[in-house]
Amino acid sequence: MAFESLHEFFAMGGHAPYVWAAWGVTAGLLIAIVLHARAERRLLMRNLQRRVRREERLGTGQGEMAEISHQVGGNHHDS
Amino acid sequence: MPVTDARSPATGRRTPAEEAREPGGGLAVALWATLKRDLVLLMRRRSEVLNPLVFFALVITLFPIGISPDPQLLATIAPGLLWVAALLAALLSLDSLFRGDYDDGSLEQLLLTPQPLPMLALAKVAVHWLLTGLPLSLMAPVLGIMLSLPAGSYVTLAISLALGTASLSLIGAIGAALTVGLSRGGVLLSLLVLPLYIPVLIFGAGAVQAAILGDGAAAHLAILGALLALALMLAPWAMAASLRISING
Amino acid sequence: MWAFINKLRSPKWFYAIGARLQPFFWLAAVVLILVGTVWGLAFAPADYQQGNSFRIIYVHVPAAFLAQSIFVSMAVCGLVFMVWKIKVVDMAAAMMAPLGAAMTFVSLFSGAVWGVPTWGTWWMWDARLTSMLILLFLYLGVIALRGAFSSRDSASRAASVLAMVGVINIPIIKYSVDWWYTLHQPATFTITGRAAMPMEMWAPLLIMVMGFYSFFIAVTLMRTRSEILRRESNKRWVRDLATEER
């Protein structure tokens, strides 16, 4: 150990604000990067699932949707 | 003269009608045409040519006002000031390098010609340097007098700026080509291009400072020359690729 | 090698293999950074001249290495994208840029903080910090350029060109700034690069560097996979994936 006690470790021989500021900002950024990456993926997945669910509800995707709207448009025309 | 001349393949002479259908001449003709066209266009817009020079003079005027009129102080910072102001003036004129042609569609035509685009782009940059960089480097010694630039460095100032602004035009043209299709391209252009300018600035200002101290200017100028050679070799290809991206985008 | 490049053309393949590689790199990153941190902060000896502020080297140097390596990786990805038109490498390049900028910032911040007890000032125009500052601007330029185009393909190609132009300039900039600094500050005191660092000092440094690199690969793998989902959201396999993960 380079330090005699925990108190000395935190004091860093008087250089505490510098060492801890540098390490703190670094650690903070690294953690923020990880959290951001994970949140990004979660959000993406959630949006994807929402889209898939919506398309399943309305039929089997784009093709079905076009058919339905065409039918509606056709009825409208006739009347 | 007959419209179709069975005789011309044999004699090799081209009829005027044939000339009109398929212009002759290769790269040299295209280059000369591009040079001439850009020169004429730029000379018609005199104010655009004068703007960088006026900007240069104004910026140099601002510094003594903002810092101090003390000749000794000014003499110490003069090399750097002159170089930075010239660099910014050159940057200012870059945005319009391709924009006029982009707006009226002639840039697309340039891309469609069978001539190699890097060479044509190089011709445009050459005109830009002739009408921006060269005048800046000729005007700088005059402004140097106003900043009490020590004697013995005036020629080095002009030469370093001439060499340096050529590199700056080449490097800047890459940025201009990348941003010509963007609506707010101007500010982005500065952000892209200024970091790449820094080596030229270091050796350009360094040359003038070395000339003041009495020796070593030749080494700096040699490095400026090397940077220019590198830019001449690589920039045309980057320019051409960037122009294609901007047109297609 | 060519088989590998052809496999890369399928984002689906990269997505799957990335999933298998990720845990390994995360584990490596956590372990290496933890070990390096404890060793560097608590066990490595303090520097004779700088005292304990020397320990900042254990974040400053890895961040600086990463900052430069990531830019080179971005440029390589740009080249591969322009030549072989492989979408995945462009996605990776897009995800790398912000991380590289963050590392450059860490390097600048830690360097500046280190300067206070060492030089007595918050900022010093020394060669390393000045080069890092220029590198930060280069990163911001690439990120801004990519965001300025409305067409994704144009954005990718423009960012690739700029990254390649930038990477050629980086050694030139480093050399120029080094030279400029030595000319104006004859009494140089470099923070790092001391001739002989005892093993107790550079071993944790090496471990931290490796930990940071593992972190970079892990994050890039994760974010590239997310980007694949984003760009390929119309494909069947992505939809199937979404339904599975419910």
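Biologist: What should I know before I start?

Modeller: The model is predicted, so local features need pLDDT of at least 70 and side-chain atom pairs count only at pLDDT 80 or more, while totals for chains, interfaces and linings use all residues. Residues are numbered from 1 along each chain as its sequence is written, and chains are lettered from A and ligands numbered from 1 in the order in which they are written.

Biologist: How many helices and strands does chain C have?

Modeller: Helices (H or I, at least four residues) and strands (E, at least two) are DSSP runs, numbered from the N terminus. Chain C has eight helices and zero strands, and its C-alpha trace spans about 60 × 35 × 30 Å along the principal axes.

Biologist: Which pair of chains shares the most contacts?

Modeller: Two residues are in contact if their C-beta atoms, placed from the backbone, lie within 7 Å. Two pairs of chains are in contact, and chains A and C share the most contacts. Chains A and B don't touch; 25 Å separates their nearest C-alpha atoms.

Biologist: And where does chain C meet chain B?

Modeller: There, 24 residues of chain C are in contact with 20 of chain B. On the chain C side, helix H5 (127-148) and helix H6 (152-184) are the elements giving two or more residues. H6(C) gives the most, with 14 residues.

Biologist: What fraction of chain C is buried?

Modeller: A residue counts as buried if 20 or more other C-beta atoms, placed from the backbone, lie within 10 Å of its own. In chain C, 50% of the 246 residues are buried.

Notes
Buried ≥ 20, exposed ≤ 12 C-beta atoms within 10 Å, placed from the backbone.
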